[in-house]
Amino acid sequence: MVKNINKLKSKVVEKGYTFKKVSEELQLCEITLRRKINDEKYDFYLGETLKLKEILNLSNTEYIEIFFGSKLEFNS
């Protein structure tokens with residue numbers, strides 16, 4: 001399940017995509033994509049999250065916020 005659904009949805013719209021188009025890019029059924037986004041019983045495979053990062057041109061921070069729900073803080 002996606003941790004920050006609203007951010008993912010806004011990125012899809014911002015990039016001019018639809019969930020149908022994103023599902024085609026991921027080679028998933030649109031229903032499967034929506035389940036992976038909205039249902040706690042379904043998760044993305046790591047490769048799928050990385051492909052979404054590429055499709056939507058997500059920064060590392062955006063990627064982490066969307067899929068893991070927090071920002072990483074690096075201490076030196």
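## Two loop residues

Asparagine 57 is found in the loop between helix 4 and helix 5. The model is a predicted one. Phi of asparagine 57 is near 55°, which is a positive value in a residue other than glycine. With a relative accessible area of 56%, asparagine 57 is exposed, because exposed residues are those over 50%.

Glutamine 27 sits in another loop, the one between helix 2 and helix 3. Its phi is positive, at about 60°, although glutamine 27 is not a glycine. Glutamine 27 has a relative accessible area of 73% and is exposed.

## Overall fold

The protein contains five helices and zero strands. Read along the sequence, the pattern is α-α-α-α-α.

The C-alpha trace spans about 45 × 30 × 20 Å along its principal axes. Of the contacts with a separation of 6 or more, 49% are between residues 24 or more positions apart.

Of the 76 residues, 33% count as buried. The largest nonpolar core has 18 residues, and Leu26, Phe44 and Phe67 have the most contacts inside it. The elements that give two or more residues to this core are helix 1 (5-14), helix 2 (19-26), helix 3 (30-38), helix 4 (46-55) and helix 5 (60-68). Helix 5 gives the most, with four residues.

Which residues does phenylalanine 44 touch, not counting residues up to four places away in sequence? They are Val2, Leu26, Leu33, Lys36, Ile37, Thr49, Leu52 and Phe67. Leu26 and Phe67 are also named with Phe44 as having the most contacts inside the core.

## A buried lysine

Lysine 11 is placed in helix 1. Is lysine 11 buried or exposed? Lysine 11 counts as buried because its relative accessibility is 8%, and the cut-off for buried is under 20%.

Leaving out residues up to four places away in sequence, lysine 11 touches Leu56, Leu58, Glu62 and Ile66. Of these, Glu62 and Ile66 fall in the range of helix 5 (60-68).

## Surface and charge

The protein exposes about 5,300 Å², and carbon and sulfur atoms supply 47% of this area. There are 14 positive and 12 negative side chains in the protein. The centres of the two sets lie 2 Å apart.

Conventions: Residues numbered from 1 in each chain as written. Predicted model: local features only at pLDDT ≥ 70, side-chain atom pairs only at ≥ 80, totals over all residues. Heavy atoms only, no water. Buried < 20%, exposed > 50% of the residue type's maximum accessible area, 1.4 Å probe, protein only. Contact = heavy atoms within 4.5 Å. Areas by Shrake-Rupley, 256 points an atom, 1.4 Å probe, with all protein chains shown as cover. Lys, Arg positive; Asp, Glu negative; His and termini not counted. Charge placed at Lys NZ, Arg CZ, Asp CG, Glu CD. Core = buried A, V, L, I, M, F, W, Y, C linked by side-chain atoms within 4.5 Å.
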